[in-house]
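This briefing is for a reader meeting the structure for the first time. Please look through the sequence and the model before reading on.

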Protein chains: 2
Amino acid sequence: MTGVAKQPEPTAEIEFWFEFGSNYSYLSVMRIEQEARRHGVRIAWKPFLLGPIFRALGMENSPFVLQKEKGVYVQQDMARLCRKYGLAPWVKPSVFPRLGVLPLRIALLGVDQPWIGAFCRKVMELNFARDQDINQPEQMAPIVAELGLSALGLIERAQSEPVKTRLRDQTEQARAKGIFGAPTFFVGTEMFWGNDRLDDALLFAAERKV
Amino acid sequence: MTGVAKQPEPTAEIEFWFEFGSNYSYLSVMRIEQEARRHGVRIAWKPFLLGPIFRALGMENSPFVLQKEKGVYVQQDMARLCRKYGLAPWVKPSVFPRLGVLPLRIALLGVDQPWIGAFCRKVMELNFARDQDINQPEQMAPIVAELGLSALGLIERAQSEPVKTRLRDQTEQARAKGIFGAPTFFVGTEMFWGNDRLDDALLFAAERKV
């Protein structure tokens, strides 16, 4: 049977759809690399824009802004979850949701790079632990430089037309997959919504080896 | 110091706000007595009507009906969670959400009775495992009788004006507490929303002994 290429073993994989403006995405970004490693699951990083998804569903803003009661609750919930996961003490962001188009575009350039996890964590910490904006080159430059990357080159590429188009396309793909919030995980066709489902999704991926 | 009444030790307690039409309340109703016992926590059963809460928030129906994408997802999610908790295989109910005013009124009469947990589980199974309506006396009578209670007397009392008023009042209290969905748990002033938070809420109650 020479000449027949051996099929590689299927590898367990989880798609991780996230947004830098989303506080529950923050929790998953901080946890996912460690948890995925523990389960032997590869992460397919899928940055996308939540705003157009919400607008397509008829919402002009985050449900945490539109529904006052839910917004109040989320503060209690985040405070407890940050304690539970050992993250920085939760402080209600002074701007919510923060625009994160630029870091999402940078993340798109990093989805197959070893720095993707560290980059995403630094952006999330800037937004949710240090309460700072994340959408300007001067906010991204020190983060990118810290990772040993050429800030100027990377940030310039992130703002090029092809990358802008890729982020729009990926957002449209999210909508087409039925995504209605973030974070969302996919293992094959199984959708898991919310940081609360990260562990179930990883277990599902590890057992199914999708 | 004779004459000074000894204060009883504070007992850990969890308020459990639930609705028979709510599928995530179903999951918590099936689990809560066993889990609460394990944590040494007393349950304060709080049946309430979700419809008026949704309407007060500007929604004419369940978000799982109003948001098609979320509704589709919930079916996948429920199927997995029913497997996880060892419940009957999930089948999408032919009517959703089902009206459960009568069983909620009966539950109000049982909140301090030993049969409350078993009653609630039977109503939930009728709705979500057997896909049957739950709002008529003829549907409630066999359940009540199975618990060894006088069906006729109990169902009649449940439909009396004072009980109707109590359910309305309890629903208004839910709204005033900032409840926006079901199930919701309270431990003191800490709110926990959703079946996903039952374990955290019980742990919080057990540790704080509120």
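Predicted model: local features only at pLDDT ≥ 70, side-chain atom pairs only at ≥ 80, totals over all residues.

**How the two chains are related**

- The same surface serves both copies, since 100% of the contact residues of chain A recur in chain B; contact means heavy atoms within 4.5 Å.

**The second largest pocket**

- A pocket is an open set of points on a 1 Å grid over the protein atoms alone, where a 1.4 Å probe fits, with protein on both sides within 12 Å along at least five of seven lines; its lining residues have an atom within 4 Å of a point.
- The second largest pocket holds about 350 Å³ of space, a volume being the space filled by probe spheres set on grid points joined across faces, edges and corners.
- Its lining has 17 residues, and A:Lys84, A:Asp196, A:Asp199, B:Lys84 and B:Asp196 lie nearest the centre.
- Four helices each supply at least two residues of this lining: α4 (68–85) and α10 (198–208) of chain A, and α4 (68–85) and α10 (198–208) of chain B.
- Helices (H or I, at least four residues) and strands (E, at least two) are DSSP runs, numbered from the N terminus.
- By type, the lining residues are 11 charged, four nonpolar and two polar, where Asp, Glu, Lys and Arg count as charged, Ala, Val, Leu, Ile, Met, Phe, Trp, Tyr, Cys and Pro as nonpolar, and the others, Gly among them, as polar.

**Cysteines**

- There are zero disulfides over all chains, a disulfide being a pair of cysteine sulfur atoms within 2.5 Å.
- The cysteine sulfur closest to that of A:Cys82 belongs to A:Cys120 and is 17 Å away, too far for a bond.
- For B:Cys82, the closest cysteine sulfur is in B:Cys120, also 17 Å away and too far for a bond.
- A:Cys82 is buried, at 1% relative accessible area, and B:Cys82 is buried at 1%; buried means under 20%, exposed over 50%, and partly exposed in between (1.4 Å probe, protein chains only).

**Backbone features**

- Most residues other than glycine have a negative phi, and most peptide bonds are trans.
- A:Asp131 has a positive phi, near 55°, and sits in the loop between α6 (116–128) and α7 (137–146) of chain A, where it is partly exposed at 28%.
- The phi of B:Asp131 is likewise positive, near 55°, and B:Asp131 is partly exposed at 28%.
- The peptide bond from A:Phe96 to A:Pro97 is cis, with omega near -10°, and A:Pro97 belongs to the loop between α4 and α5 (101–110) of chain A.
- B:Ala182 and B:Pro183 are joined by a cis peptide bond with omega about 0°, and B:Pro183 is in the loop between α9 and β3 (184–187) of chain B.

Conventions:
Residues numbered from 1 in each chain as written. Chains lettered and ligands numbered in written order. Heavy atoms only, no water.
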